[in-house]
There are 2 protein chains.
Amino acid sequence: MTSSILVVGSVAFDSVKTPFGVDDEILGGSATHFSIAASYFAPVRLVAVVGKDFGNSHVEVFRKHNIDTDGLSVADGRTFRWAGEYSFDLNDRKTLDTQLNVFEKFDPVIPESYRSSEYVFLGNIDPELQYNVLQQIRNPRVIACDTMNFWIEGKLDSLKRTLSKVDILVINDSETRELARLSNLVKAANKIMEFGPKTLIVKRGENGVLMFRGKTIFAAPAYPLEDIYDPTGAGDTFAGGFMGALAQANEVTDAIFRRAIIFGSVMASFNVEKFGVDRVSELKRPEIEERFKQFKALTHFEEL
Amino acid sequence: MTSSILVVGSVAFDSVKTPFGVDDEILGGSATHFSIAASYFAPVRLVAVVGKDFGNSHVEVFRKHNIDTDGLSVADGRTFRWAGEYSFDLNDRKTLDTQLNVFEKFDPVIPESYRSSEYVFLGNIDPELQYNVLQQIRNPRVIACDTMNFWIEGKLDSLKRTLSKVDILVINDSETRELARLSNLVKAANKIMEFGPKTLIVKRGENGVLMFRGKTIFAAPAYPLEDIYDPTGAGDTFAGGFMGALAQANEVTDAIFRRAIIFGSVMASFNVEKFGVDRVSELKRPEIEERFKQFKALTHFEEL
């Protein structure tokens with residue numbers, strides 16, 4: 001039976017410039033991308049902070065997807081803002097502006113009604129806050145988390161304490177190499193799994209995803225698209241589809257994990273097709289299933 | 001019934017430096033890596049030129065794999081030499097030295113006994129020479145070729161003339177973008193297929209391979225290895241395994257092409273495990289089949 005998912009992370013206004021256009025102050029942030037993607041699979045409970053400038057129309061985007069917003073607190077001040085620009089081939093981006101605003105003092109309090117959540121995703125926030133969140137959860141079944149080079153470089157001990165409590169770490173390939181201090185990805189993955197997570201998911205952008213679980217490895221490609229408009233949030237959207245599919249199946253097997261990786265990749269492939277959450281927030285379930293089948297066609301070959 | 005393969009390309013002495021060691025003047029070159037890999041699947045006929053310094057012990061490496069060396073001509077002078085050094089993560093390399101020697105005047109003449117070859121691989125040489133080779137072949141069934149940025153930039157018209165006669169082009173991702181003058185890989189692939197090749201295979205190093213055939217795409221990962229010693233020749237080894245598997249099946253279907261891509265990836269994964277051809281020239285067929293199965297385990301997921 002489908003279980004529910006708790007996500008803690010950022011809700012932000014993003015200003016994005018890509019070779020294909022510009023969009024200002026659109027709804028973004030890790031918890032936003034995650035929760036909308038996950039909502040197609042399982043009930044989602046959101047913990048984040050926004051400012052007084054966060055309007056009802058924005059809250060409506062979550063409500064439309066039955067995302068529980070009891071944990072969305074409104075603080076004095078402005079909502080987190082991020083601005084970035086992508087290179088011509090979308091493989092590099094530079095941050096033009098970061099205004100943490102109310103996010104700077106984010107100290108997530110998990111509402112009582114959320115504390116029995118079995119599936120937990122800790123978005124990319126201070127590893128000390130991630131740890132505090134876990135102290136508030138009663139009996140989690142699967143805990144996944146994200147992090148970034150900023151925390152690897154600045155709060156490694158805190159990060160390792162958090163990782164010791166986590167089942168699944170979802171990071172990109174350069175973070176994997178940096179966290180393990182090893183250039184070979186397989187060796188790096190094996191080392192990171194010793195820190196705690198029994199599963200490591202390495203996101204490689206247009207090159208897809210590698211999942212390491214003990215001694216087994218699963219490789220999934222990214223869906224080759226002719227038109228990619230905005231990669232912002234693709235990683236969080238992936239994580240949302242992945243955790244959503246896990247919570248929906250509510251069973252921990254290698255086959256379920258592999259299918260969840262494909263569902264995550266499916267959701268990420270939709271995310272990049274339009275700016276912000278424009279594409280993912282308008283999906284229909286048959287579109288998701290159709291693209292899942294296309295992933296099968298993309299990767300299938302006959303046995304010997 | 002298995003058909004035979006004609007390969008035209010370079011035979012060289014490589015001096016390679018990687019973070020894991022140095023090896024000087026070892027047997028290398030596109031036709032060398034290709035033919036040894038292909039020899040596990042089908043009879044191979046080699047066309048290349050070497051110098052007077054190319055000893056019997058080197059010829060023996062080919063003979064041991066039943067590679068036909070009637071087309072290996074010995075010219076006055078020294079064999080082609082290449083020296084290169086890899087970065088710490090093996091993803092970049094710089095060429096330290098290139099001495100074309102006898103390869104500079106290479107003008108391949110196809111022996112009469114080779115002219116009925118049905119499977120043809122044109123290694124990365126001057127596209128005018130590639131075209132001349134094709135004029136000498138009677139009734140080829142599948143023609144594949146490689147090229148590089150040097151020819152894309154310097155001999156584009158000749159290259160396009162060659163491509164108009166070719167069934168399969170095997171190049172890397174940056175060559176794909178450069179040849180099509182498009183940054184999106186799917187768009188670039190579609191444009192290149194209009195130049196002639198009905199199949200485009202894009203090699204992406206540690207990120208695997210994409211095969212475009214008409215409207216279908218097949219994605220295969222690279223095999224994640226803990227120990228990579230020398231990537232030199234991985235692309236040609238891939239092409240050898242791919243063309244070998246095609247010639248062995250001797251049937252042109254999408255399923256056969258997909259399995260051939262996996263066999264190519266299998267052979268490339270062995271190639272990088274030791275310097276030069278040390279690993280691939282010592283393989284046993286069961287090892288190849290075992291790694292093919294590991295590729296299945298690496299990519300398999302259940303349908304909906």
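Two strands are taken to pair if DSSP finds at least two bridges between them, strands (E, at least two residues) and helices (H or I, at least four) being DSSP runs numbered from the N terminus. This is a predicted model, in which local features need pLDDT of at least 70 and side-chain atom pairs count only at pLDDT 80 or more, while totals for chains, interfaces and linings use all residues. Residues are numbered from 1 along each chain as its sequence is written, and chains are lettered from A in the order in which they are written.

**Strand E4 of chain B**

Strand E4(B), residues 44-50, has 7 of its 7 residues buried, a residue being buried if 20 or more other C-beta atoms, placed from the backbone, lie within 10 Å of its own. In a regular strand the side chains alternate between the two faces of the sheet. In E4(B), Val44(B), Leu46(B), Ala48(B) and Val50(B) are buried on one side, and Arg45(B), Val47(B) and Val49(B) on the other.

| Partner of E4(B) | Sense | Bridges |
|---|---|---|
| E1(B), residues 5-8 | parallel | 4 bridges |
| E5(B), residues 68-74 | parallel | 5 bridges |

Val47(B) stands opposite Val8(B), whereas Arg45(B) stands opposite Asp68(B) in E5(B).

**Contact with chain A**

In chain B, 31 residues are in contact with 31 residues of chain A, contact meaning that C-beta atoms, placed from the backbone, lie within 7 Å. Helix H7 (185-194), strand E13 (216-220), helix H9 (254-271) and helix H10 (285-299) of chain B each supply at least two residues of this side, and the largest share, 6 residues, comes from H10(B).

Conventions: Contact = placed C-beta atoms within 7 Å. Buried ≥ 20, exposed ≤ 12 C-beta atoms within 10 Å, placed from the backbone.
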